[in-house]
Amino acid sequence: MRFAKGHGTENDFVILPDPDGALDLTPALVRWLCDRRAGIGGDGVLRVVRTEALGAPLPESARSAAACAWFMDYRNADGSVAEMCGNGVRVFARYLIDSGLAEGPVIDIGTRAGARRATVGADGDVAVAMGEVRTLGKGGAVLAGEDLRGARISVGNPHLAVAVDRPVAEFDLRDAPLLDPAQYPEGANLELFREVEPGVLEMRVYERGSGETRSCGTGIVAAAAAAAAAGGGGSAWTVRVPGGTCAVTLDPGGGALLRGPAVIVAEGETR
Ligand SMILES: N[C@@H](CCC[C@H](N)C(=O)O)C(=O)O
């Protein structure tokens, strides 16, 4: 099986070119590919498939993806399926261009949350229009015995974005947060963020299906939206995560642009 490896601010992915939809991508295969000791290693898998080769009809939420030539079939490291991955779309766009599958610099990519437009810049950064960012009210979680309250936000996938008042490095993110299943029947990603300068956030994330990762594009957008709603600033945000820095621009219509680096680091074949 051919693969590539890439990352966006160290949120890393095993990329599987499968234009004709021939691959049987089981949860067990995903877990093996993402295993950092026995496999290749990654926070998730990006299957690169032609939308017309998907086989199954797209859910209502993904209807706009039907017009896209390429579909990002995203899987978390535990084998579960997620609707969207912000860094994944950026790395996916970089892969399509580097491998000659798309010309760019603007590429519409299908996801389970609908079409997402990625623009590859001359500086190598990839910006993606993240679709509608919806704030759904307040939510809570218990993390390492600590009660946290924050904003429930959908960026196509579910988030709890929590503003904290001490450095994010001080939190214990080894174990999964306990979420209220009534609020999050499908689970969620937890972001802890703190405004360290006007318009600048530091953030850490515990991702549903992957554990703590060094970056999460949808989570970065959720944190920026939560910070903006709390009155901490305007539309332009810089978000520092353990794996690097991304920029978010919130637009008055409820959308967001996420921009940051995306690179392909290796290509190979499994045995
Ligand atoms: N790392 C991604 C998010 C991947 C999906 C997430 N773990 C979920 O289950 O919703 C990103 O960059 O957005």
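The model I examined is predicted: local features need pLDDT of at least 70, side-chain atom pairs count only at pLDDT 80 or more, and totals for chains, interfaces and linings use all residues. I number residues from 1 along each chain as its sequence is written. Helices (H or I, at least four residues) and strands (E, at least two) are DSSP runs, numbered from the N terminus.

**Entry: the shell.** I listed 18 residues around the ligand, of which Ala82, Asn87, Asn157, Gly217 and Thr218 come nearest. The elements giving two or more residues to this shell are α2 (86-98) and α3. A residue counts as near if its C-beta atom, placed from the backbone, lies within 6 Å of the molecule. By class, I noted three nonpolar, 13 polar and two charged residues; Ala, Val, Leu, Ile, Met, Phe, Trp, Tyr, Cys and Pro count as nonpolar, Asp, Glu, Lys and Arg as charged, and the others, Gly among them, as polar. Domain 1 (2-130 + 261-269) and domain 2 (134-254) each supply at least three residues to the shell, with bounds from an automatic or database domain assignment.

**Entry: the record.** I checked UniProt, where an unreviewed entry places the feature "binding site" at ten positions, among them Asn87, Asn157, Gly217 and Thr218. Such annotations may be inferred rather than shown by experiment.

**Entry: asparagine 157.** I located Asn157 in the loop between β9 (146-154) and β10 (158-163). Asn157 is buried because 25 other C-beta atoms lie within 10 Å; the cut-offs are 20 or more for buried, 12 or fewer for exposed, and partly exposed in between, with C-beta atoms placed from the backbone. Beyond four places in sequence, its contacts (C-beta atoms within 7 Å) are Ala82, Glu83, Met84, Ala113, Asn189 and Thr218.

**Entry: glycine 217 and α3.** I found Gly217 in helix α3 (residues 217-229), and it is buried, with 29 other C-beta atoms within 10 Å. Outside four places in sequence, Gly217 touches Gly8, Cys85, Gly86, Asn87, Arg90, Cys246 and Leu258. Twelve of the 13 residues of α3 are buried, including Thr218, Ile220 and Val221. Just after α3, Gly231 takes a positive phi of about 90 degrees.

How values were computed
Contact = placed C-beta atoms within 7 Å.
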